[in-house]
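Here are my notes on this one, point by point. Have the model open while you read.

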Amino acid sequence: MSPPRSSSFCKQSKGSQGREGKQPDRKNSAASHPRRKVQDQQGHQLVEDRNQIDVSDTIPIALQQLLLNVFRAALLTSSNSLNFEAQTQGQDQNPDAEEKQEEKEEEPLDTKSLIQTIKSHLYNRDFDSAFADADEKLLRAYALRWSAARALGYAGLFKSLIKILFEDESVLRPTHVVCIGGGAGAEIVALAAAWRDLMDDGVIAGAQKMLPNALEAVALDDRKDNQGGGGTRNMPSQEQTVQQSDTSSSLSITAVDIADWSTVVKRLSSTILSTTVIGSKSHPAPLLPISTPSGDRIHPSHFTVDFKRFDVLTLSDPDLASLFQSQRTNIVTLMFTLNELFSTSMSKATSFLLRTTDLLERGTILLVVDSPGSYSTLKLNKSTGEQQERQYPMKFLLDHTLLSVTKGKWEKLYSQDSRWWRRDASRLWYDVGEGAGLEDMRFQIHVYRRLE
């Protein structure tokens, strides 16, 4: 079973931990649903299961492997020897300092014990101990165990949505993504991987490919590279210069969470831009290759990650506005988070969606991913004084808020009640300790676009 999202809300949604089966649920696939019109409670005509976009994109296996290597390099040991700040600022590293750093290199996390501790907290619904009050090692273990696998599943979805943004001439550049509940890092690394793949495909203007260098990239051997598959792309020659991305192809991410994931976010975002991560010949490190024109060092100005520790249900109007309007937001994500918000407070979660709607500009995409069959319970006081509980599917609450209450401010681009992402277990390698293996992911997905 999948644990709840990284947030430490006081309640956990019932039915949000769907069982993992062996075969995809084809009954709920988009192709099997006829397009039919229904009416909401106000009599407004809606179109059910009318999917306007394709979200079936994937990223190559070798790039998936590089994504996993980022998690391992960033989080497995306490001292990952990236020294990224000195690299990005063009500072010469002190050889003595490097030797001392190697001496201080700690043993990898005891992931087995830490994950057992996390599971115990979750079983007891002690979300404060699991997240809000957890120390750095516990949070790193959580990200190694659950965020890495989720990032693999998210990457293809993000690739599809970013392509839609670049096809829409009305959408403002650069790209800014706000990830509500995104502190554990899955969305951050997945977005970087999707961006990398679109750069390699030439979809993003001004992007460049990395020069293959087996020594600098610490390339995998031919056997592992062949296993990685994904189709080796033609790489530019050593004489070719690397063009710096223009501002229209910059990516900024704001991760918002109720727990303090700042250290995990910092580690992952710096490792995304590090050449020290193990790569392959077709996909060398860094995961996100943004270089100066001379190509001599990493230049981070066109990839930025910010972390905000907020409870979005109690956020003031100015603070909420700062999330979306300090930069012009193009994508907002709620990945395994929205049902927890509804379960914590249905009224506050609805208010959050409505306030967010008013702050977003035309063309902004909202992506909601959650466990299949998620529902929330609302307690109603009857006229007799008795209390009655009524359960509502998350999908119903979401559609009612965005398609009915907001009255034409959103359109639904895609909806699927049950969908599988399955890893290629035979070609992906992820050794981060006992109890921290990869797993497949089953989820529901809903995509909306902000209208005028």
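Predicted model: local features only at pLDDT ≥ 70, side-chain atom pairs only at ≥ 80, totals over all residues.

1. Which residue in β11 stands opposite leucine 367? Valine 447 does. Strands β7 (residues 365-370) and β11 (residues 441-450) run antiparallel and are joined by 6 bridges.

2. Residues are numbered from 1 along each chain as its sequence is written, and side-chain values use heavy atoms, leaving out hydrogens and water.

3. On confidence (pLDDT, the predictor's per-residue score from 0 to 100), the protein chain averages 78, with 68% of the residues at 70 or above. Over residues 7-48 the pLDDT is below 50, yet this stretch has 100 contacts (heavy atoms within 4.5 Å) beyond near neighbours in sequence.

4. Back to the sheet: it is open and mixed, with 7 strands in the order β5-β4-β3-β6-β7-β11-β10. Pairing takes at least two DSSP bridges between two strands. The edges are β5 (303-309) and β10 (410-421), each pairing on one side only.

5. Helix α6 (residues 136-167) and helix α7 (residues 186-200) have axes that come within 7 Å and cross at roughly 50° (axes are lines fitted to C-alpha atoms over the stretch in contact; angles run from 0 to 180 degrees between N-to-C directions). Among the residues making this contact are Phe158 of α6 and Trp195 of α7.

Note on methods: Helix = DSSP H or I, 4+ residues; strand = E, 2+ residues; numbered from the N terminus.
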